[in-house]
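Dear colleague,

Please find below the structure that I am handing over to you, together with its sequence. My notes on what was found in it follow directly after.

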Amino acid sequence: MLKAIHHAAIICSDYELSKHFYSQVLGLRIISEQYRAERDTYKLDLALPDGSQIELFSFPSPPARPSFPEACGLRHLAFAVDSVEEVADYLQKKGVAVEPIRTDAVTGKRFTFFQDPDGLPLELYQI
């Protein structure tokens, strides 16, 4: 029935800043970009190497994302990486704050968190 996650959709507050973050800092490939004048919105489709995608949307004056305390709903997005240390070091060199690397007590896998420009929690998970 369900085969994979095709995409995750993210609404951002500053389109150009988020476009730069996801395409230039995180290195996601831009598939397509559309401006929808009737809605005054942008939609940017970004690809990860495995074929999954992120849709980045802009809307005029979106409400802030509730974070603390955490609200019900999607908690974070996790990206699979070969080396948490290498990617965390790369992000820090790009000016992205990264939490200390931890080890999952159940799986024994290493992981850490960082945030996108709007504070959306993103995870690096070592495979």
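Threonine 112 counts as buried because its relative accessibility is 0%, and buried means under 20%. Please bear in mind from the outset that this is a predicted model. Threonine 112 belongs to strand E7, which covers residues 110–115. Apart from residues up to four places away in sequence, threonine 112 touches Val84, Val98, Glu99, Pro100, Ile101, Leu122, Glu123 and Leu124. The side chain of threonine 112 also has a polar atom that lies 2.5 Å from the backbone oxygen of glutamate 99.

The chain as a whole

With that residue in view, the overall layout may be described. The chain contains two helices and eight strands. Read from the N terminus, its elements follow the order β-α-β-β-β-β-α-β-β-β. The radius of gyration is 15 Å, close to the 14 Å that the globule rule gives for 127 residues, so the chain is as compact as a globular protein of that length. Along the principal axes, the C-alpha atoms fill a box of roughly 50 × 35 × 35 Å.

Of the 127 residues, 37% count as buried. The chain exposes about 8300 Å², and 56% of this area is supplied by carbon and sulfur atoms. Among the contacts with a separation of 6 or more, 46% are made by residues 24 or more positions apart.

Aromatic pairs

How many aromatic pairs does a search of the whole structure find? The search finds six aromatic pairs. One of them joins tyrosine 35 and tyrosine 42, whose rings are tilted, with 4.8 Å centre to centre and 50 degrees between the planes. Tyrosine 35 is partly exposed, its relative accessible area being 42%. Tyrosine 42 is likewise partly exposed, at 29% relative accessibility. Phenylalanine 111 and phenylalanine 113 form an edge-to-face pair, with 6.0 Å centre to centre and 85 degrees between the planes. Both of these phenylalanines are buried.

Aspartate 118 sits in the loop between E7 and strand E8 (121–126). Is aspartate 118 buried, exposed or partly exposed? At 30% relative accessibility, aspartate 118 counts as partly exposed. Beyond its neighbours within four places in sequence, aspartate 118 is in contact with Ile11, Cys12, Ser13 and Ser18. With serine 13, the contact includes a polar one between the two side chains, at 2.4 Å.

A further example concerns glutamine 92, which lies in helix H2 (residues 84–93). Glutamine 92 is partly exposed, at 41% relative accessibility. The C-alpha atoms of glutamine 92 and phenylalanine 114 are separated by 9.8 Å, and the two residues are 22 residues apart along the chain.

Cysteines

The count of disulfides in this model is zero. Cysteine 12, which is among the residues in contact with aspartate 118, counts as buried because its relative accessibility is 1%, and buried means under 20%. Cysteine 72 counts as exposed because its relative accessibility is 86%, and exposed means over 50%.

Backbone angles

Which residues deserve a look for their phi angle? Aspartate 40 has a positive phi of about 50 degrees although it is not a glycine. This aspartate lies in the loop between strand E2 (29–36) and strand E3 (41–47), and it counts as partly exposed at 43% relative accessibility. Serine 61, also not a glycine, has a positive phi of about 50 degrees. Serine 61 is found in the loop between strand E4 (53–58) and strand E5 (77–81). At 72% relative accessibility, serine 61 counts as exposed.

Yours sincerely

Technical notes:
Residues numbered from 1 in each chain as written. Predicted model: local features only at pLDDT ≥ 70, side-chain atom pairs only at ≥ 80, totals over all residues. Heavy atoms only, no water. Disulfide = S-S within 2.5 Å. Buried < 20%, exposed > 50% of the residue type's maximum accessible area, 1.4 Å probe, protein only. Phe/Tyr/Trp six-rings, centres within 6.5 Å; stacked < 30°, edge-to-face > 60°. Helix = DSSP H or I, 4+ residues; strand = E, 2+ residues; numbered from the N terminus. Rg over C-alpha atoms; globule rule 2.2 N^0.38 Å. Contact = heavy atoms within 4.5 Å. Areas by Shrake-Rupley, 256 points an atom, 1.4 Å probe, with all protein chains shown as cover. Polar contact = N/O pair within 3.5 Å; in protein donor to acceptor, adjacent residues only side chain to side chain.
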